[in-house]
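Here's a quick walk through the model you're about to see. Have a look first, then read on for confidence, the chain contact, a helix pair and the cores.

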Amino acid sequence: MQENEASVFEDEMEYGVPSNAWRTVRRLWEAMGRQRIRLVIVAVSVLFYTVLSVAAPVYSAGIIDLLWRKIRLAWEEGVTFRVSWNSGGREIVILLVIYTATGILYTFQSFLMASFAERLSLELRTMISRKLNRLPLAFFDNHRTGEVLSRVTNDLDKMAEVLQTGLLKLFTAVGMVVGSLIMMMRFHVGLTLIFLLFTGLSIFFTRFFAAKTLRYASLRQQAVSRVTGQVEEAYSGRTVIRAFNREEKSAGDMREAVEELARTSRNADFMMNAVNPFIRFVNRVGQAAIAVFAGKLLLDGVLTVGTFQAFFQYVYQASEPLTEAAYMVNSLQSSIASVERIFELLDEKEIRKDPDVSRIPENPGEKIAVVGSTGAGKTTLINLLMRFYEVNGGRILLDGTDISLMSYEGLRRHFGMVLQDTWLFEGTIAENIAYGRTDASRDEIVAAAKAARADFFIRTLPRGYDTVLGSDAENISAGQKQLLTIARVMLCNPAVLILDEATSSVDTRTEMEIGKAMQELMKRRTSFVIAHRLSTIVDADLILVMQNGTIIEKGNHRELLQSGGAYADLYNSQFAQ
Amino acid sequence: MKTIFRFLKPYGKLCVFTVLVMILDVAGGLFVPRLTADMINIGVESRDLSYMFEKGAAMLVVTLIAGAGALAGSWLCADLSAKLGRDMRNALYEKSLELSEHDFEQFGTGSMITRTLNDINIIQQSVVWCIQMVLPVPAACIMGIVMAFAIDTVMGFLLIGITALIIALAILVTRRASEIFGLLQRLLDRMNVVLRENLTGVRVIRAFRKEKEEEKRMRKTFEDYARTSVSANLLFAGLESAALFVINICIVAILWIGGNRIGAGFMEIGDITALTEYSILILFYIIMAQMVIILLPRSRVCLGRIEEVLGKEPEIKDGTMEHVVGNADAVCFDHVSFRFPDADENALTDLNFVCRKGETTAVIGGTGSGKSTIAKLILRFHDVTKGTISVNGVDVRHQTQRALRERIAYVPQKAWLFSGSIGDNLHDGDENASGEKMRHVLSVAQADFVSSLANGLDAHVAQGGTNYSGGQKQRLSIARALMKDADLYIFDDSFSALDFKTDAALRQALRSEVRDAAVLIIAQRINTILNADQIIVLDEGKIAGIGKHDELLKTCQVYREIADSQMKGGGSNAGK
């Protein structure tokens, strides 16, 4: 429920349109595998269910007519009528049997469908999780997390819902409408035409409302975006707002945006809310017309008491699916579009299979620093080193071996990585530290934490090493998270280190601790440091200065300063932060 | 729950009225079958067409009234929901402004955004659903039963029995359903968390070669979710089947017992239709209400999160002094110590110094020495743990925050601009400033680049100022502060993104601009503060030395180390 970014005011009327519906459906059919047989069984069951449902009202009409006949007969004879096995009772019991049979069929098919869709989406989800591990890093960098997330959760949930209830509804609706209309025609054609006229009217109004609703919904969406922007901005910039005494103005701006949102959502909500009552109104007017006309037919003896009420039952049975048809088609369409997006993800290009060479590099303990302004290509260098991305030309040698000839497994075993973007998973602190070495003992974990200067704060937490980190690890600070990622690498004891030493999101108190922990980590190891604060890299053995994706200078601090080039400029302007 | 009533209170009449019109709609739904039944009865007995038209007309009137009620209900519900959302959002935002930095950080920006947008949205929806679909239900049941009694006492009791049966069924399902739905929501969250971790942590996962384990972890959350979804589906399939079954039993019972009652002359043949419709409607309303009730626990959670913010007691209590003007020193630190609420060590310990008007005071120190905290304490974003800070001779805690900040111009470490135009941002410093003044201030702040922009002062600023470079943002942020006529100007590490030349030019222009005011510069670079009247050297939260540059070079070890590392191009102990 937390931060479900895409679903703020998720819109009811947002339907995707599939680009190649038929192909997607065929593919989905194939993905169903052995489950297809269920669908066939359900289809057969639905057929019987529909037949029985259509038969029930006409049978109950017969019973009412029968009862009414017997009652009048009894009255004429001057005796009190009582229902008994031979006077209507048998027929009522048969009706109960018919009802029970429809009930059982209904239960049967909905129970069959209950797990059908979920199994299918489980199947697809598993395929996606396997796929994720074979996708190149570029995929993750080019797609927003929320977008991919929504495919795996929302899109598949939508598909499951439509498959489970929608498909069943669609099957039965078609049968019901056709069956009911045939029966109505048999009772009286004129009455049926009145019904069709009003149904046509309500379909027309539904469409009319849908278009209007869409327009109001988009107006609301605009207001939502405005409020969202305003809220984000106000919360992020609250220090400035408060320092400049702009609270009142900011609250005023907020009130204005919120007022606009209230106005537009009132309109949009009203349109949404009003559709059903309005359609109901049209249908009821139709029913009144039918009732008067049918009443006349009853007087004329064309209809009987039983058929009169049976006709109404058919009216109810047929009108609901008919007015909902447009909605059903739309939701079916949008679920196909959802499935299409999932297949799209499954069709993404994968990384190529890797060769299997692995060698262990020497351990010279050199410190290599990479400096340069934002966008200079510092991160790319690391991406290439770890083979998150492949080089387009040239090669990278690790202790003399071209890394593109090594297996990912073999290559990455040598590297330890601490990124600015601290990543921890939902689990205990101990589990997080032992991420790279699940077999590590508690003592080893504690030792790593101590070396990373994380032991102290871990001990102050209520459950120590067994404290569970929440989904966004809100219970510990950004700096403490960074310390944990350092401990994590510490435990793995890799030959080569990659450090992105930015500590921008960290309060000054922990910033220092991180610096010390990083120093500790770098001892006796080859390390690549992306430097943000030049003071920390003056002792590096090699400094690479990057600009626009190339290394423009290299050397140690002294050499580079003396040469008076880009590094010297950078240093003099102290490009801190 | 109290919170909901607090926000609904101004609209009490609106709520009652809404429920009333909704009941009108329900009543309409019950009257139509009643009239249909009458038509059947007329049809089989009196054989007079004019009665039929009369009933038809009555049906039209009922339909119109019910339709009007439903439409009015739709409008009122939408209106109520909108007002509720508006009021809650405004209250939440205004509350957020009262909170101190530390108060606010406890919620976090991300969570506050979710609370203001999504949570309130869910609450709005639940309130409206309750009014639309839960509150009219008792009325629907009672009216249905009363109308059944109007037909025949026995049938009335039959309907009571049916209603009780449906309610029992609903309660049974609701209990189980809220369990399953609670679990389902947790599993969905879990699935989202694990997936998100896999997407955002792809580099770490691959670096640690944990792909297979992650696959298994995902698979497990998917399976748990699927399993629980299936039981939710089964529950609903079960509910639907049971409801269908109840209705069918109803129809059969009405036929059998109704047949006897008609035979005995207590009711008429058409009444069977009416009774059947009543029970179907009652079933429908109860099931709908039940669906809403199942979803309520979710909005309880959201409501709890809103209440948490609204009920938060602000850490900082506002002072009372409105106007503080005096000839006293701009800032005076008297034995000030400060500790973050969750920390075990002091961030600042026993600081004593004075910033005089017309002078420049500089604070320098390594990272983690507590420099920025000094600025935040002066602005009273935090309260001191020990000692007192006086601004213009008065303890900051005795002044209203508004009065305190009125006299201080602040350039934060992280240059943050608001979306709008450059002019809008500058107006934050002085609302009534002329274009002339703005241009002047921009040139002082070395931000002349603005005049070369196509729209000049009207040039667009994106949210957070992301369409400008770090240096440009910083200069604009400085200009914004200079717009203000203040007794104290605080520059919190504000020159770091500027190159050496701009830095120097700016400082020179600055001095003549803020002649009579005190200036406090917090910096990392010695160059920036070389000429300050007073330099305070901070080391691990304590003052390691106070004085002018030349004096400090002689007397202060820490200062000398910083100077060495920066002025002579580094050495073995540089920067450490």
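## Confidence

Chain B as a whole averages 87, with 96% of its residues at 70 or more. Residues 568-576 of chain B are another matter: pLDDT stays under 50 there, and the model has 13 contacts beyond four places in sequence for them. Overall scores are ipTM 0.86 and pTM 0.80.

This is a predicted model, so local features need pLDDT of at least 70 and side-chain atom pairs count only at pLDDT 80 or more, while totals for chains, interfaces and linings use all residues. Residues are numbered from 1 along each chain as its sequence is written, with chains lettered from A and ligands numbered from 1 in the order in which they are written.

## Where the chains meet

The contact draws 126 residues from chain B and 122 residues from chain A; two residues are in contact if their C-beta atoms, placed from the backbone, lie within 7 Å. On the side of chain B that touches chain A, H3(B) gives the most, with 25 residues. By class, that side of chain B has 57 nonpolar, 43 polar and 26 charged residues. Ala, Val, Leu, Ile, Met, Phe, Trp, Tyr, Cys and Pro count as nonpolar, Asp, Glu, Lys and Arg as charged, and the others, Gly among them, as polar.

## A helix pair across the contact

Helix H8 (residues 247-300) of chain A packs with helix H2 (residues 12-44) of chain B at about 10°, their axes 9 Å apart. H8(A) and H2(B) are therefore roughly parallel (angles under 35 degrees). Residues meeting here include A:Pro277, A:Arg284 and A:Leu299 from H8(A), and B:Asp25, B:Val32 and B:Gly43 from H2(B).

## Cores

The largest nonpolar core has 220 residues, and B:Ala479 and A:Phe311 are among those with the most contacts inside it. H8(A) gives the most to this core, with 21 residues. Such a core is a set of buried Ala, Val, Leu, Ile, Met, Phe, Trp, Tyr and Cys residues joined through C-beta atoms within 7 Å, buried being 20 or more other C-beta atoms within 10 Å of a residue's own.

Conventions:
Axes fitted to C-alpha atoms, helices over the stretch in contact; angles between N-to-C directions. Helix = DSSP H or I, 4+ residues; strand = E, 2+ residues; numbered from the N terminus. Parallel < 35°, antiparallel > 145°, perpendicular 65-115°, else oblique. pLDDT = per-residue confidence, 0-100. Buried ≥ 20, exposed ≤ 12 C-beta atoms within 10 Å, placed from the backbone.
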